[in-house]
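The following paragraphs lead the reader through selected parts of one protein structure.

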Amino acid sequence: MADATSIKELPSLTGLHQRRNPLEENPFFHPSHGFYITPSDVVLSQVVYDLSDASQPHVAYHRAGPRREILYEPSSVKAAIVTCGGLCPGMNTVIRELVVGLWELYGVREIYGIPAGYRGFYSMEAVELNPKLVHNWHKKGGTVLATSRGGFDLCKIVDAIQQNGYNQVRINLNRVYIIGGDGTMRGAVKIFDEVSRRKLEVGITGIPKTVDNDVGIIDRSFGFQTAVEMAQEAISAAHVEAESAVNGIGLVKLMGRSTGHIALHATLSSRDVDCCLIPEMGFYLEGKGGLFEFLEQRLKDHGHAVLVVAEGAGQEMIPRTESQKQERDESGNLVFLDVGVWLKSALKEWWEREHPKELFTVKYIDPTYMIRAVPANATDNLYCTLLAHSSIHGVMAGYTGFVSGPINGNYAYIPLEEVAQTKNEVNTSDPKWAWVRSVTNQPDFETNFKG
């Protein structure tokens, strides 16, 4: 097995000297056999194999956790933490656990928060952080450090890191923790490449933040389980509204620009949903096997229906002006139109056309900002702690340009570039999507359309 396994190697800093891990003297730890991770400890990317296919590759990643020897002298470490992009439950927990972990596990005393995302590196004063300051941050939604989209100026960011490293500006950064989504991770790759090109001894690590759960390779992103839990409240409210009306439809739009994981998992958890629309599965409105025909039958049979749609679903069907086709947000993404508003209007037009004198109600609920802004639940809080501590152990060991995350339940270090390039999309050929259709009884729109 070892001979056939390809291990994804990690970049590491070369200009530092090994030293004993201070966890040896930490009163809260009693390192014993197996406590420290060795270079031969790996996590397989797959745990299910077809034994009849000998050609299947075995890919593995270095296992996350404390190493017996580290490369940084804790008293000389000056760490920077930055949050970028949109809000997500658990952001403050990650910040808190990075600060407390650095302070309590390794004795680091100089830890700084970079305000307002990437632009904060070169345009704002850093905030000095300590365990007392961040003590209750995990109970708050959002990010106390503040965040923003855009503002990525590679030269200015790395210049600031380099200048501060020579004590010429505000702070001396030799470790940078970057918390953000796929766009942020692509930016982190560029920062890592430029830092490497300049031969700076700066450790760069990314902690993937996306409520949509669209980061590839890892099992899930933090905040996702909280988002699914909160989505239940919106779906329950839509169900009550629909059930309380004559020919009532409850329409809920959930987050998911390019992937429908929140909509899918919320649908499976709720069992009140009659149709789930996601970006990975096309749909159509009119004609045999279309959405309108399906909803008409559901209303005839049950008197109400609940429709859940991910924000990225059906975007190609919404009429756009030429200027709207070109519009981009600060991260360079196409600005989406509100699929919920469009669907609500389309549903009303259809009913007025087909059933002009019959009662009909559509109640539209968009809980997007409510879900993004809440604190993490207990499961995500624990997950954020493990992510933060895994990142700390990795950087202290001298690794750089990596992301920490669980793969098949075991925490591993993954090259930053690999994570930035990989998407976690809903596999509509997977049994889980078939489960959604069996729960909702919705049509297979793509098969119907092709047929």
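A residue is called buried here when its relative accessible area is under 20%, exposed when that area is over 50%, and partly exposed in between. The model under discussion is predicted.

By this criterion Asp212, with a relative accessible area of 9%, is buried. An unreviewed UniProt entry lists Asp212 under "active site". The residue belongs to the loop that runs between strand 10 (203–208) and helix 5 (224–243). Apart from neighbours within four places in sequence, the contacts of Asp212 are Met255, Gly256, Arg257, Thr259, His261 and Ile262.

The unreviewed UniProt entry also places a "binding site" feature at Asp182. Asp182 is found in helix 4 (residues 182–197). Its relative accessible area is 29%, so Asp182 counts as partly exposed. When neighbours within four places in sequence are set aside, Asp182 is in contact with Asp214 and Lys423.

Attention now turns to the sheet. Strands of a sheet pair through backbone hydrogen bonds, in either a parallel or an antiparallel sense. In this model, four strands make up an open sheet in the order 12-13-11-14, with parallel pairing. Strand 12 and strand 14 (361–365) stand at the edges with a single partner strand each, so one side of each has no neighbour in the sheet. From one strand to the next, the twist averages 15 degrees. Five bridges join strand 11 (residues 248–254) to strand 14 in the parallel sense, and Leu251 has Tyr364 of strand 14 as its bridge partner.

Helix 7 lies across strand 11, strand 12 and strand 13 (304–310), and it runs at about 145 degrees to strand 13. Helix 7 (291–302) is also one of the elements against which the buried residues of helix 13 pack, together with helix 6 (261–270) and strand 12 (275–277).

Which residues of helix 13 are buried? In this helix, which spans residues 431–440, they are Trp433, Val436 and Thr440. These residues cover an arc of only 50 degrees around the axis, and therefore they lie on the same side of helix 13.

Both ends of helix 13 have local features to examine. Just after the helix, Asn441 adopts a positive phi of about 65 degrees.

Conventions: Residues are numbered from 1 along each chain as its sequence is written. This is a predicted model: local features need pLDDT of at least 70, side-chain atom pairs count only at pLDDT 80 or more; totals for chains, interfaces and linings use all residues. Side-chain values use heavy atoms; hydrogens and water are left out. Buried means under 20% relative accessible area, exposed over 50%, partly exposed in between (1.4 Å probe, protein chains only). Helices (H or I, at least four residues) and strands (E, at least two) are DSSP runs, numbered from the N terminus. The arc is that of the directions from the helix axis to the C-beta atoms. Contact means heavy atoms within 4.5 Å. Two strands pair if DSSP finds at least two bridges between them. Axes are lines fitted to C-alpha atoms, for helices over the stretch in contact, and angles run from 0 to 180 degrees between N-to-C directions. UniProt positions are given in the numbering used here, feature names are shortened, and annotations may be inferred rather than shown by experiment.
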